[in-house]
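Dear colleague,

I am handing over the structure we spoke about, and below it I set out what was found in it. Please read the notes with the model open beside you.

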Amino acid sequence: MGEAREPGAGRPATWGRGLLIWLGVGVLLIALVGGGFYVTEQPRFCSGRVCHEMGPSYDAWARSPHPEVGCTECHAAPGPVGFLKAHVVDGLRDVWVHVTERPDRITEASPVPGSRCLHRCHREQFEAFERGARRAVENPLPARHPDRGSDCAECHYDEIHDRG
């Protein structure tokens, strides 16, 4: 008669190898997604090397008064939801347009609400205007400037990007 063996003895420990493979796949996916987010976060990604239609907008931004401000600082809503929407939803839409329409330049700009300009960078300047101290700020706002709820890009778009 045969020897009594412990249950599982003689079988390879495949569960350990399988776990290591799945952990490796998970780490690789996290690295790819994180790397993709990092790369697409860089302004040079929009330089026209990848998407030729972005070239004119990138060049205008690089010559603008705000070349230190990254694309997503204006074009993505604050927080993780805004970040994911800008990178996943808007990014996939941009890829679709790039592949299916092959435009020479972007035809529809990502919206940048005026509140984003005021909250992130220009709050002090606008508050000085509202207090009537238009001359006290470096770049005073005109006497008949729209109110806080207005869309800054209506008038100031060409200061950052060319309309073409």
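Where does Glu53 lie? Glu53 is placed in the loop between α1 and α2, the latter spanning 55–63. Please keep in mind that this is a predicted model, and that the values below are computed from it.

The surroundings of Glu53 deserve a careful look. Although Glu53 is buried, it has no salt bridge, and Arg102, the nearest side chain of opposite charge, is 6.0 Å away. The side chain of Glu53 is, however, joined to that of His98 by a polar contact of 2.9 Å. Once its neighbours within four places in sequence are left aside, Glu53 is in contact with Pro103, Asp104, Arg105 and Ile106 as well as with His98.

A second point concerns the surface. Ile21, Trp22, Val25, Leu28, Leu29 and Leu32 form a nonpolar patch there, and together they have about 660 Å² of accessible area. Of these residues, Val25 lies in helix α1, which covers residues 14–41, and Val25 counts as partly exposed because its relative accessibility is 35%, a value that falls between the 20% limit for buried and the 50% limit for exposed.

As for the protein as a whole, its secondary structure comes to six helices and zero strands. Among the contacts with a separation of 6 or more, 59% are between residues 24 or more positions apart.

Definitions and conventions. Residues are numbered from 1 along each chain as its sequence is written. This is a predicted model: local features need pLDDT of at least 70, side-chain atom pairs count only at pLDDT 80 or more; totals for chains, interfaces and linings use all residues. Side-chain values use heavy atoms; hydrogens and water are left out. Patches are made of residues with over 30% relative accessible area and no salt bridge: like charges are joined within 9 Å, nonpolar side chains (Val, Leu, Ile, Met, Phe, Trp, Tyr) within 5 Å. Accessible areas come from the Shrake-Rupley method with a 1.4 Å probe; for residues, only the protein chains shown count as cover. A salt bridge is a side-chain nitrogen of Lys or Arg within 4 Å of a carboxyl oxygen of Asp or Glu. Helices (H or I, at least four residues) and strands (E, at least two) are DSSP runs, numbered from the N terminus. Buried means under 20% relative accessible area, exposed over 50%, partly exposed in between (1.4 Å probe, protein chains only). Lys and Arg count as positive and Asp and Glu as negative; His and the chain ends are not counted. A polar contact is a pair of N or O atoms within 3.5 Å; within protein, one must be able to donate a hydrogen and the other to accept it, and residues adjacent in sequence count only if both atoms are side-chain atoms. Contact means heavy atoms within 4.5 Å.
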